[in-house]
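Visitor: I would like to learn how to read a few features of a protein model, one after another.
Guide: Then let us look at it together.

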Amino acid sequence: MIRKIDDITLDLISGILREHLHENLELKASWREENGERVSALANRLEFETSWMVIGVTDSGALVGRDENWARNTEEVISQHLNQRLDPIQAHTSLSCVPVSGFWIVVLSVKNPGAVVYWNNMAYKRAGTTIQEMRPEEVLELTIKLPGLTDYSKQPWVGQVKDELVNAYSKAVAIRQRDNSFASCESMSCEHILARLGLLGKNASKILFGNCGYRVVTYDLNGNPETNTPYQGLFGLLEKDFISRIQQKAQQQLSSPGAPFPELAVKESLANAVAHAAYFEGDGDVVIEVFADHIVNPNLCLPESRYFANKWFSRSRKTVNNLLMETLRLAGFVDELGRGKNLIFRESIVHGKRPPQVVVEKAGRYDRWRLYLYGGTRDPVQLKLFQRIQDVYPDSHKALIAYVLVLWRDQPISQIRNYIDGESLRTFAEVLADLNGPIFYWQEQDQIVLRRWARVLLDEGKDSKSLTPAEEIGLYDFAYDMRTRYHHGLFSPKELRKLADMGETPSERSATSNLMSKWMAEQKVQKLRKGVYQFVPKPAPAMDFDRLFALLQSKPGVDT
């Protein structure tokens, strides 16, 4: 049985590498996407700790004779196929290019992660030298045998923890759970505390209190790195002192009063990085980049995490770090209802900051999740616009969705729809259909159009703006046509403001009042009573008898 890559290379050099001698081995001269079916079958073998596929070797165990360039290109193609087709991705444990006797091979290792392994949504088994698709009853049987998807944070670990981090966590648990027995953690050993919490000897302890590393990088006002400091024990990211240091650093650079970043948004974004990082490789590669006006939180993540990017109005969630999540939830650093994403977004908006953004990029066999959280000075126009929207929608959740539609107005609704699900969908539809909000949904073009009052506020920072002569003529003709056709020419100033895409601020009411006075002086409207006006019928155009008679006498194609 093959146990490590050295076994493969030694047998290749000796000329004794054969598939039939090792049941946990597959040899392939080259890689094709359908080879992934054999990867699935290898990973579904429970009797082996690790199974191997070697590319660049014939069935008879002879080197094909490939060079390094071929190996690197093949490695890249295999990595892409694994990310796209293999589920769960944790079944893939390593992929490497290996030189042997002057030539190159690519070695892929897999292990069962505690769940049925699929390739392109199908599960496979190995029967002798053939690969067969598993029948539904076989999938069920294997599922029953397996313990469930491997929780990395629950796996065993041996190492030293940092006492100060364990004690800080214990105090947080005592406050959250109102259990004073944890408050006296100084009288207990760290081992006793961790054992009582079910964390002793688990990777969750390594991640939060042990040698799991992260880096904090600070930048100057020009975006140049100032410090790059490594730390260990990710619970340190969640402590109040760390968040305070971030705030103080940015505040010193900006020389402005007040916290540059929304406190709750910072706390939630850091907890998000700790809870959901893919720790299978490089300890999750968690980094905190601190700029004067924004924070970037990069960490490794599973490829399927792309689904959750920028879903600020969704409670959908998934993690492979279940014990770690429960550990953080116990101390109040995360919740189990999926509200964290919306909290980050809402806190940014209500504090007058730019909306947060998530960018997901490739990072080898995993992806890298980057959360951008913006700070700096408060934007008075943004705050004013949000307040105007809250005047229209007293419900804070509805106001937030209306506001984000203004921010995302350059994107089609078909794309924005991907960021919203669950109970927010109905509110989303209501805002799109509402004629009183800040936007109009042009369904035929799948496009968001700003109403005039929102456009004026964003462009000029003012509640209202006088109508241009062209806008006034257009409004008069449009309102005259609409009100005389359906309402006998009757209208109120409020109804006119709706037709003009104006809001209900005092300045807009004053502008409407001035317009009514102007139209009455021009005998375009008459006031019937307070708040009720009527359009004066437009005079019929005078008929030029001589010209009309000449026109009727003319023949087609002949000038008169």
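**Burial and helix packing**

Guide: N35 has 4% relative accessibility and therefore counts as buried, where buried means under 20% relative accessible area, exposed over 50% and partly exposed in between, with a 1.4 Å probe and protein chains only. This is a predicted model, in which local features need pLDDT of at least 70 and side-chain atom pairs count only at pLDDT 80 or more, while totals for chains, interfaces and linings use all residues. Residues are numbered from 1 along each chain as its sequence is written, and side-chain values use heavy atoms, with hydrogens and water left out.

Visitor: Where is the place of N35, and with which residues is N35 in contact, leaving aside neighbours within four places in sequence?

Guide: N35 lies in the loop between β1 (25-28) and α2; helices (H or I, at least four residues) and strands (E, at least two) are DSSP runs, numbered from the N terminus. Once neighbours within four places in sequence are set aside, N35 is in contact (heavy atoms within 4.5 Å) with K28, S30 and M53.

Visitor: How many residues of helix α2 are buried?

Guide: In helix α2 (residues 36-43), seven of the eight residues are buried, among them G36, R38 and V39.

Visitor: How are two packed helices described?

Guide: They are described by the angle between their axes and the distance between the axes. Here the axes of α13 (residues 380-392) and α14 (residues 396-407) come within 9 Å and cross at roughly 130°; axes are lines fitted to C-alpha atoms, for helices over the stretch in contact, and angles run from 0 to 180 degrees between N-to-C directions. The two helices α13 and α14 are therefore oblique to each other, since angles under 35 degrees count as roughly parallel, over 145 as roughly antiparallel, 65 to 115 as roughly perpendicular and the rest as oblique.
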